[in-house]
Amino acid sequence: MADNKKIIAVVGATGAQGGGLVRAILADTGGPFAARALTRHPDSDKGKALKAAGVEVVAADLDDAASLERAFKGAYGAFCVTNFWEHFSPERELVQARNMAQAAKAAGVSHVVWSTLEDTRRWMPLDDDRMPTLMGKYKVPHFDAKGEADQIFRDLGVPTTFLLTSFYWDNLIYFGLGPKRGPDGVLTIAFPMDDKKLPAIAAEDIGKAAYGVFKRGREFIGKTIGIAGEHLSGEEMAAALTRALGQQVRFWPVEPEVYRGFGFPGADDLGNMFQFKRDFNDDFRKARDVNFSRSLNPELQSFEAWLSRHKTQIPVD
Ligand SMILES: NC(=O)c1ccc[n+]([C@@H]2O[C@H](COP(=O)([O-])OP(=O)(O)OC[C@H]3O[C@@H](n4cnc5c(N)ncnc54)[C@H](OP(=O)(O)O)[C@@H]3O)[C@@H](O)[C@H]2O)c1
């Protein structure tokens, strides 16, 4: 009976990660949970679609602590995520994470899954000049603030699972990282990772893994766990893209300093991110075991499976 279900308040329910979790909860019709979708815009098309699917939709803003406390009230669980790319501010991400942690504490939420990433400064201190320091005190701003925020949840005593996510293959569609034609007309993907493997995932599978975490109860509270669908080198990704798109895709192992200079917003942040993943590849990969990820989400997609569903969405001119 729906009334007996435990509520999971889902931040980012209209987005990739939270949306995947809401869909996973809805798909498990006999399961123990019901989703409560948080959005700033309940009357948006996405908000209305969630309501039409039978989801409780409530207004909440990560910049408004009181709205979060209202939205978390009565919830058993909360999925917490920030969207760095909306404002490019690690400081704002930290405030938003604190707002969620405090709201979860005040509402007595039993299990938070915090979508986080490494604070890369633990591996690469600010005075390490292998990569530039950005925004005054970060190496990879969109990673570092998330990792720094882990301690906020810990300090407040919020029962939290720290979920290390991975690069979305969906970035090939939505984030401008798809293949571009080189001067010779050959489609090219460029990541400054040499021959190192990039753990990555279908964005949809992050929410499904979070669902798996909630279903396992208290097992991962207080723990950091990482997920990926597959670890592939640039060459392996290019070969899979070549097969899927039916035309040659080449991998260009661009140097990080060249990538940082590409000039699009966040190019320096992403250049540092890829360099971090290259230079600390063993640690980065070890934290994201594919078999473990599949144990949380048996439907976990490989790159090839993701491509077979999404290849026509990859913009290729
Ligand atoms: N792209 C990647 O490869 C990758 C990999 C790992 C991690 N990440 C991280 O993923 C995060 C973004 O997650 P996503 O991809 O799921 O997001 P998304 O699809 O871009 O959607 C953003 C979501 O965040 C919500 N949101 C943003 N600001 C909010 C606010 N002030 N109050 C309430 N809700 C807010 C939006 O809700 P409304 O607009 O409905 O309010 C929306 O649901 C980023 O921080 C990024 O660093 C990305």
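Is E118 buried or exposed? At 7% relative accessibility, E118 counts as buried; the word means under 20% relative accessible area, with exposed over 50% and partly exposed in between, using a 1.4 Å probe and protein chains only.

Before going on, a word on the source. This is a predicted model, where local features need pLDDT of at least 70, side-chain atom pairs count only at pLDDT 80 or more, and totals for chains, interfaces and linings use all residues. Residues are numbered from 1 along each chain as its sequence is written, and side-chain values use heavy atoms, with hydrogens and water left out.

Back to E118. It sits in the loop between strand 5 (111–116) and helix 6. Helices (H or I, at least four residues) and strands (E, at least two) are DSSP runs, numbered from the N terminus. The side chain of E118 makes a polar contact of 2.7 Å with that of R288. A polar contact is a pair of N or O atoms within 3.5 Å; within protein, one must be able to donate a hydrogen and the other to accept it, and residues adjacent in sequence count only if both atoms are side-chain atoms. Leaving aside neighbours within four places in sequence, E118 is in contact (heavy atoms within 4.5 Å) with residues including W123, F143, F276 and R288.

F276 takes us to helix 11, where F276 is one of the buried residues. Helix 11 covers residues 267–279. Because 11 of its 13 residues are buried, helix 11 is largely enclosed by the rest of the structure. Its buried residues pack against several elements, among them helix 4 (84–87), helix 6 (141–155) and helix 12 (281–286).

Now the ligand. How many residues surround the ligand? There are 27, and the closest are T14, Q17, T39, T82 and N171; a residue is counted if one of its heavy atoms lies within 4 Å. Helix 4 gives the most to this shell, with three residues. The shell divides into nine nonpolar, 12 polar and six charged residues.

On individual atoms, a backbone N or O atom of Q17 lies 2.8 Å from an oxygen atom of the ligand. For G12, a backbone N or O atom is 3.4 Å from a ligand oxygen atom. W85 uses an N or O atom in its side chain, 3.5 Å from an oxygen atom of the ligand. The protein covers 85% of the 940 Å² of accessible area that the ligand has on its own, by the Shrake-Rupley method with a 1.4 Å probe.

Terms used. The expected span of a helix is 1.5 Å times one less than its number of residues. Ala, Val, Leu, Ile, Met, Phe, Trp, Tyr, Cys and Pro count as nonpolar, Asp, Glu, Lys and Arg as charged, and the others, Gly among them, as polar.
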